[in-house]
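Work through these exercises with the model open. Each task is followed by a stepwise solution.

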Amino acid sequence: MTHQDFLKALVCPLTGGPLKISEDGKTLTSEDGTLYEVGDTGIVNMLYPKELLPADAREQYLYDQAFLRYDKGVSWVFETLNHSDEAATRKFFIDLMELKPGMKALEVGAGTGKDSALILDKIRPGGTAVLSDLSPNMLKLAQEKLSTEDLNVHYFLGNGSYLPFPDDTFDAVFHFGGINTFSERKRAFDELTRVVRPGGKVVVGDESVAPWLRKHPSYATLLKANPLFRAEVPLEDVPANIENFKLHYVFGNAFYVMDYRVTAKAPEVDIDLPIPGKDFVDNWRLRAEKAED
Ligand SMILES: C[S@@+](CC[C@H](N)C(=O)[O-])C[C@H]1O[C@@H](n2cnc3c(N)ncnc32)[C@H](O)[C@@H]1O
(Lines give C-alpha, C1' and ligand atoms only; values in the text may rest on other atoms or scores of the structure.)
Protein backbone atom coordinates (compact mmCIF):
# COMPACT_ATOMS: atom_id res chain seq x y z
CA MET A 1 0.00 0.00 0.00
CA THR A 2 1.60 3.28 -1.12
CA HIS A 3 1.29 6.51 0.89
CA GLN A 4 -1.27 7.70 -1.67
CA ASP A 5 -3.32 4.49 -1.23
CA PHE A 6 -3.15 4.98 2.53
CA LEU A 7 -4.52 8.52 2.18
CA LYS A 8 -7.30 7.19 -0.06
CA ALA A 9 -8.21 4.56 2.56
CA LEU A 10 -8.75 7.17 5.31
CA VAL A 11 -12.30 8.22 6.19
CA CYS A 12 -13.82 10.91 8.40
CA PRO A 13 -13.03 9.88 12.02
CA LEU A 14 -16.52 10.96 13.15
CA THR A 15 -18.90 9.86 10.41
CA GLY A 16 -16.88 7.34 8.37
CA GLY A 17 -17.73 9.44 5.30
CA PRO A 18 -15.28 9.99 2.40
CA LEU A 19 -12.40 12.48 2.45
CA LYS A 20 -11.29 14.51 -0.56
CA ILE A 21 -7.53 14.60 -1.17
CA SER A 22 -6.13 17.92 -2.43
CA GLU A 23 -4.14 17.91 -5.69
CA ASP A 24 -0.83 18.42 -3.88
CA GLY A 25 -1.69 15.57 -1.49
CA LYS A 26 -1.18 17.85 1.52
CA THR A 27 -4.76 17.98 2.88
CA LEU A 28 -7.83 15.81 3.24
CA THR A 29 -11.26 17.41 3.55
CA SER A 30 -14.39 15.82 4.99
CA GLU A 31 -17.93 16.43 3.70
CA ASP A 32 -18.51 19.02 6.46
CA GLY A 33 -15.37 20.94 5.39
CA THR A 34 -13.06 19.80 8.21
CA LEU A 35 -9.41 19.79 7.08
CA TYR A 36 -6.87 17.10 7.98
CA GLU A 37 -3.24 17.92 7.14
CA VAL A 38 -0.43 15.70 5.95
CA GLY A 39 2.83 16.66 7.68
CA ASP A 40 6.26 16.90 6.08
CA THR A 41 7.33 13.43 7.21
CA GLY A 42 4.06 11.87 6.00
CA ILE A 43 2.32 11.81 9.40
CA VAL A 44 -1.34 12.62 8.76
CA ASN A 45 -3.07 14.69 11.44
CA MET A 46 -6.41 12.87 11.85
CA LEU A 47 -7.03 14.13 15.40
CA TYR A 48 -10.69 14.35 16.32
CA PRO A 49 -12.21 16.36 17.87
CA LYS A 50 -10.01 19.24 16.72
CA GLU A 51 -10.26 20.63 20.24
CA LEU A 52 -9.55 17.57 22.38
CA LEU A 53 -11.56 16.92 25.54
CA PRO A 54 -9.63 18.25 28.58
CA ALA A 55 -8.31 14.89 29.84
CA ASP A 56 -7.05 13.94 26.35
CA ALA A 57 -5.49 17.37 25.84
CA ARG A 58 -3.70 16.93 29.17
CA GLU A 59 -2.34 13.51 28.20
CA GLN A 60 -1.22 14.87 24.84
CA TYR A 61 0.61 17.72 26.60
CA LEU A 62 2.26 15.41 29.17
CA TYR A 63 3.55 12.96 26.54
CA ASP A 64 4.67 15.79 24.26
CA GLN A 65 6.83 17.03 27.16
CA ALA A 66 8.07 13.60 28.25
CA PHE A 67 8.91 12.00 24.91
CA LEU A 68 12.72 12.12 25.31
CA ARG A 69 12.75 10.56 28.78
CA TYR A 70 9.83 8.15 28.15
CA ASP A 71 11.76 5.01 27.13
CA LYS A 72 14.05 5.12 30.16
CA GLY A 73 11.22 6.02 32.54
CA VAL A 74 8.85 3.28 31.47
CA SER A 75 11.59 0.62 31.63
CA TRP A 76 12.33 1.74 35.21
CA VAL A 77 8.64 1.28 36.11
CA PHE A 78 8.69 -2.32 34.84
CA GLU A 79 11.95 -2.98 36.70
CA THR A 80 10.28 -1.91 39.99
CA LEU A 81 7.44 -4.35 39.29
CA ASN A 82 8.96 -7.64 40.41
CA HIS A 83 11.99 -6.95 38.17
CA SER A 84 9.87 -7.86 35.15
CA ASP A 85 11.40 -8.79 31.83
CA GLU A 86 10.05 -5.97 29.66
CA ALA A 87 11.23 -7.44 26.34
CA ALA A 88 9.68 -10.86 27.04
CA THR A 89 6.40 -9.29 28.21
CA ARG A 90 6.11 -7.06 25.15
CA LYS A 91 6.79 -10.14 22.97
CA PHE A 92 3.96 -11.91 24.81
CA PHE A 93 1.59 -9.00 23.96
CA ILE A 94 2.41 -9.06 20.28
CA ASP A 95 2.17 -12.87 20.05
CA LEU A 96 -1.46 -12.45 21.22
CA MET A 97 -2.17 -10.52 18.00
CA GLU A 98 -1.56 -13.74 15.97
CA LEU A 99 0.06 -11.75 13.16
CA LYS A 100 1.54 -13.40 10.08
CA PRO A 101 3.70 -12.10 7.20
CA GLY A 102 1.68 -9.93 4.84
CA MET A 103 -1.01 -9.02 7.38
CA LYS A 104 -2.40 -5.58 8.14
CA ALA A 105 -2.03 -4.27 11.71
CA LEU A 106 -3.00 -1.08 13.55
CA GLU A 107 -1.39 0.22 16.73
CA VAL A 108 -3.17 2.95 18.68
CA GLY A 109 -1.11 4.91 21.22
CA ALA A 110 2.10 3.53 19.70
CA GLY A 111 4.16 6.03 21.71
CA THR A 112 7.86 5.80 20.87
CA GLY A 113 7.35 2.52 19.00
CA LYS A 114 8.53 0.00 21.61
CA ASP A 115 5.90 -2.57 20.59
CA SER A 116 5.66 -1.34 17.00
CA ALA A 117 9.10 -2.80 16.22
CA LEU A 118 7.79 -6.25 17.25
CA ILE A 119 4.63 -5.80 15.18
CA LEU A 120 6.70 -4.92 12.11
CA ASP A 121 8.86 -8.04 12.58
CA LYS A 122 5.75 -10.24 12.63
CA ILE A 123 4.21 -8.94 9.40
CA ARG A 124 7.31 -8.63 7.22
CA PRO A 125 7.69 -9.22 4.38
CA GLY A 126 4.85 -7.50 2.63
CA GLY A 127 2.65 -6.49 5.55
CA THR A 128 1.08 -3.13 6.27
CA ALA A 129 1.38 -1.43 9.65
CA VAL A 130 -0.48 1.71 10.63
CA LEU A 131 0.96 3.40 13.72
CA SER A 132 -0.81 6.20 15.55
CA ASP A 133 -0.62 8.30 18.68
CA LEU A 134 -2.18 11.35 20.27
CA SER A 135 1.20 13.00 20.87
CA PRO A 136 3.09 14.38 17.85
CA ASN A 137 6.46 14.20 19.63
CA MET A 138 6.05 10.56 20.71
CA LEU A 139 5.00 9.49 17.20
CA LYS A 140 7.80 11.43 15.48
CA LEU A 141 10.29 9.62 17.68
CA ALA A 142 8.73 6.26 16.75
CA GLN A 143 9.00 7.18 13.07
CA GLU A 144 12.68 8.07 13.47
CA LYS A 145 13.50 4.87 15.37
CA LEU A 146 11.70 2.22 13.35
CA SER A 147 13.22 0.35 10.45
CA THR A 148 10.58 -0.24 7.78
CA GLU A 149 12.20 -2.19 4.95
CA ASP A 150 10.06 -4.95 3.32
CA LEU A 151 6.92 -3.25 4.65
CA ASN A 152 4.37 -0.51 4.20
CA VAL A 153 4.30 1.60 7.35
CA HIS A 154 1.97 4.58 7.69
CA TYR A 155 1.63 7.04 10.56
CA PHE A 156 -1.19 9.25 11.76
CA LEU A 157 -1.90 11.46 14.73
CA GLY A 158 -5.16 10.21 16.11
CA ASN A 159 -7.49 9.87 19.04
CA GLY A 160 -8.09 6.17 19.73
CA SER A 161 -11.78 6.92 20.27
CA TYR A 162 -12.24 8.15 16.66
CA LEU A 163 -10.48 5.90 14.15
CA PRO A 164 -10.40 7.07 10.50
CA PHE A 165 -10.98 3.66 8.88
CA PRO A 166 -13.95 1.73 7.51
CA ASP A 167 -15.18 -1.37 9.39
CA ASP A 168 -13.11 -4.60 9.13
CA THR A 169 -9.95 -2.87 7.81
CA PHE A 170 -7.31 -4.71 9.92
CA ASP A 171 -6.29 -8.27 10.82
CA ALA A 172 -5.38 -7.13 14.34
CA VAL A 173 -5.26 -4.04 16.53
CA PHE A 174 -3.02 -3.33 19.51
CA HIS A 175 -3.02 -0.73 22.25
CA PHE A 176 -0.95 -0.67 25.44
CA GLY A 177 -0.52 1.88 28.17
CA GLY A 178 -3.03 4.70 27.74
CA ILE A 179 -6.62 3.52 27.48
CA ASN A 180 -7.50 3.93 31.18
CA THR A 181 -7.19 7.71 30.79
CA PHE A 182 -8.94 8.08 27.41
CA SER A 183 -11.86 10.51 27.90
CA GLU A 184 -14.12 8.28 25.81
CA ARG A 185 -12.87 4.84 26.77
CA LYS A 186 -16.02 2.87 25.86
CA ARG A 187 -16.00 4.54 22.45
CA ALA A 188 -12.33 3.55 22.04
CA PHE A 189 -13.11 -0.14 22.71
CA ASP A 190 -15.93 0.04 20.16
CA GLU A 191 -13.61 1.65 17.61
CA LEU A 192 -10.70 -0.76 18.17
CA THR A 193 -13.13 -3.64 17.62
CA ARG A 194 -15.03 -2.10 14.69
CA VAL A 195 -11.93 -1.71 12.49
CA VAL A 196 -10.90 -5.39 12.92
CA ARG A 197 -12.33 -8.00 10.54
CA PRO A 198 -14.38 -10.83 12.06
CA GLY A 199 -11.87 -13.49 13.15
CA GLY A 200 -9.16 -10.88 13.80
CA LYS A 201 -7.65 -10.03 17.19
CA VAL A 202 -7.83 -7.06 19.57
CA VAL A 203 -5.17 -6.79 22.29
CA VAL A 204 -5.45 -4.02 24.91
CA GLY A 205 -3.66 -3.38 28.20
CA ASP A 206 -2.89 -0.77 30.85
CA GLU A 207 -2.28 -0.32 34.59
CA SER A 208 -4.45 -2.14 37.14
CA VAL A 209 -3.05 -3.89 40.20
CA ALA A 210 -4.62 -7.34 40.55
CA PRO A 211 -7.34 -7.27 43.26
CA TRP A 212 -5.60 -9.87 45.42
CA LEU A 213 -2.47 -7.71 45.73
CA ARG A 214 -4.01 -4.37 46.64
CA LYS A 215 -3.51 -4.72 50.40
CA HIS A 216 0.03 -6.12 50.21
CA PRO A 217 2.39 -3.51 51.68
CA SER A 218 4.60 -2.75 48.66
CA TYR A 219 1.55 -2.66 46.33
CA ALA A 220 -0.37 -0.43 48.77
CA THR A 221 2.60 1.96 48.59
CA LEU A 222 2.53 1.81 44.79
CA LEU A 223 -1.23 2.55 44.71
CA LYS A 224 -0.72 5.52 46.99
CA ALA A 225 2.22 6.84 44.98
CA ASN A 226 0.64 6.51 41.53
CA PRO A 227 -3.18 6.55 41.24
CA LEU A 228 -2.99 5.15 37.68
CA PHE A 229 -2.45 1.71 39.26
CA ARG A 230 -5.82 1.98 41.09
CA ALA A 231 -7.74 1.64 37.81
CA GLU A 232 -10.11 -1.33 37.45
CA VAL A 233 -9.92 -3.54 34.36
CA PRO A 234 -12.58 -1.92 32.10
CA LEU A 235 -14.48 -5.14 31.42
CA GLU A 236 -17.78 -3.29 31.03
CA ASP A 237 -16.40 -1.45 27.98
CA VAL A 238 -15.70 -4.59 25.94
CA PRO A 239 -18.09 -4.77 22.96
CA ALA A 240 -20.61 -7.62 22.62
CA ASN A 241 -19.38 -9.00 19.25
CA ILE A 242 -16.35 -10.89 20.55
CA GLU A 243 -15.31 -14.39 21.65
CA ASN A 244 -12.36 -16.16 23.33
CA PHE A 245 -11.86 -13.28 25.74
CA LYS A 246 -8.80 -13.72 27.96
CA LEU A 247 -7.45 -11.54 30.75
CA HIS A 248 -3.79 -11.70 31.79
CA TYR A 249 -1.95 -9.86 34.55
CA VAL A 250 1.62 -8.89 33.67
CA PHE A 251 4.51 -6.76 35.01
CA GLY A 252 4.31 -8.02 38.60
CA ASN A 253 0.50 -8.30 38.23
CA ALA A 254 0.26 -4.49 38.21
CA PHE A 255 -0.88 -4.27 34.56
CA TYR A 256 -3.57 -6.17 32.67
CA VAL A 257 -3.65 -7.18 29.06
CA MET A 258 -6.81 -8.56 27.49
CA ASP A 259 -7.14 -10.27 24.15
CA TYR A 260 -10.22 -11.29 22.20
CA ARG A 261 -11.36 -12.35 18.76
CA VAL A 262 -13.86 -10.20 16.87
CA THR A 263 -17.07 -11.87 15.67
CA ALA A 264 -19.52 -10.76 12.97
CA LYS A 265 -22.32 -10.43 15.53
CA ALA A 266 -22.95 -10.55 19.25
CA PRO A 267 -23.87 -13.90 20.88
CA GLU A 268 -27.54 -14.42 21.87
CA VAL A 269 -29.36 -16.41 24.50
CA ASP A 270 -32.13 -18.44 22.82
CA ILE A 271 -34.96 -17.57 25.21
CA ASP A 272 -37.50 -19.32 22.92
CA LEU A 273 -35.90 -22.79 23.06
CA PRO A 274 -38.51 -25.18 24.59
CA ILE A 275 -37.75 -25.95 28.24
CA PRO A 276 -36.73 -29.64 28.62
CA GLY A 277 -39.12 -30.57 31.49
CA LYS A 278 -41.26 -29.47 34.47
CA ASP A 279 -38.48 -30.11 37.02
CA PHE A 280 -36.32 -27.66 35.13
CA VAL A 281 -39.08 -25.02 35.09
CA ASP A 282 -39.70 -25.42 38.83
CA ASN A 283 -36.03 -25.23 39.65
CA TRP A 284 -35.43 -22.03 37.65
CA ARG A 285 -38.66 -20.43 38.98
CA LEU A 286 -37.61 -21.19 42.55
CA ARG A 287 -34.19 -19.65 42.00
CA ALA A 288 -35.65 -16.57 40.25
CA GLU A 289 -38.19 -16.01 43.09
CA LYS A 290 -35.43 -16.37 45.69
CA ALA A 291 -33.22 -13.87 43.86
CA GLU A 292 -36.07 -11.32 43.84
CA ASP A 293 -36.45 -11.45 47.65
C1 LIG B 1 2.16 4.95 28.46
S2 LIG B 1 2.27 5.44 26.78
C3 LIG B 1 2.41 3.87 25.98
C4 LIG B 1 3.17 3.92 24.70
C5 LIG B 1 3.49 2.56 24.11
N6 LIG B 1 2.26 1.88 23.75
C7 LIG B 1 4.29 1.72 25.06
O8 LIG B 1 3.78 0.71 25.53
O9 LIG B 1 5.44 2.09 25.34
C10 LIG B 1 0.60 5.91 26.38
C11 LIG B 1 0.48 6.47 24.99
O12 LIG B 1 -0.90 6.63 24.68
C13 LIG B 1 -1.08 7.84 23.99
N14 LIG B 1 -2.48 8.28 24.17
C15 LIG B 1 -3.04 8.83 25.26
N16 LIG B 1 -4.35 9.09 25.04
C17 LIG B 1 -4.61 8.69 23.76
C18 LIG B 1 -5.77 8.70 22.94
N19 LIG B 1 -6.95 9.18 23.37
N20 LIG B 1 -5.67 8.20 21.69
C21 LIG B 1 -4.49 7.69 21.24
N22 LIG B 1 -3.36 7.66 21.97
C23 LIG B 1 -3.42 8.15 23.22
C24 LIG B 1 -0.06 8.79 24.62
O25 LIG B 1 0.24 9.88 23.80
C26 LIG B 1 1.13 7.85 24.83
O27 LIG B 1 2.02 7.85 23.75
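**Exercise 1.** By class, how many nonpolar, polar and charged residues does the shell around the ligand have?

Solution. This is a predicted model. Sort the shell around the ligand by class: eight residues are nonpolar, eight polar and five charged. Next, look at distance. Of the 21 residues around the ligand, G109, G111, G160, G177 and G178 come nearest. Then turn to secondary structure. Helix α2 (residues 54–66) contributes the most to the shell, with three residues.

**Exercise 2.** Find the members of the largest nonpolar core that touch the most other members.

Solution. The core has 68 residues, and A105, A129 and V173 touch the most other members. Strand β11 (residues 255–262) gives the most to this core: six residues. Now take A105. Beyond its neighbours within four places in sequence, its contacts include M97, L99, I119, I123, A129 and F170. In soluble globular proteins, nonpolar side chains tend to be buried together.

**Exercise 3.** Locate the cis peptide bonds at P49 and P125.

Solution. Y48 and P49 are joined by a cis bond, omega about -5°. P49 sits in the loop between β4 (44–45) and α2. The bond from R124 to P125 is also cis, with omega near 0°. P125 is in the loop between α5 (116–123) and β6 (128–133).

**Exercise 4.** H83 has a positive phi; is H83 buried or exposed? Do likewise for F251.

Solution. Phi of H83 is about 50°. H83 lies between α3 (70–80) and α4 (86–95), in the loop. H83 has 8 C-beta neighbours inside 10 Å, so it counts as exposed. Phi of F251 is near 50°. F251 is in the loop between β10 (242–250) and β11. F251 is buried because 20 other C-beta atoms lie within 10 Å.

Methods: Residues are numbered from 1 along each chain as its sequence is written. This is a predicted model: local features need pLDDT of at least 70, side-chain atom pairs count only at pLDDT 80 or more; totals for chains, interfaces and linings use all residues. A nonpolar core is a set of buried Ala, Val, Leu, Ile, Met, Phe, Trp, Tyr and Cys residues joined through C-beta atoms within 7 Å. A residue is buried if 20 or more other C-beta atoms lie within 10 Å of its own, exposed if 12 or fewer, and partly exposed in between; C-beta atoms are placed from the backbone. Helices (H or I, at least four residues) and strands (E, at least two) are DSSP runs, numbered from the N terminus. Two residues are in contact if their C-beta atoms, placed from the backbone, lie within 7 Å. A residue is near a molecule or strand if its C-beta atom, placed from the backbone, lies within 6 Å of it. Ala, Val, Leu, Ile, Met, Phe, Trp, Tyr, Cys and Pro count as nonpolar, Asp, Glu, Lys and Arg as charged, and the others, Gly among them, as polar.
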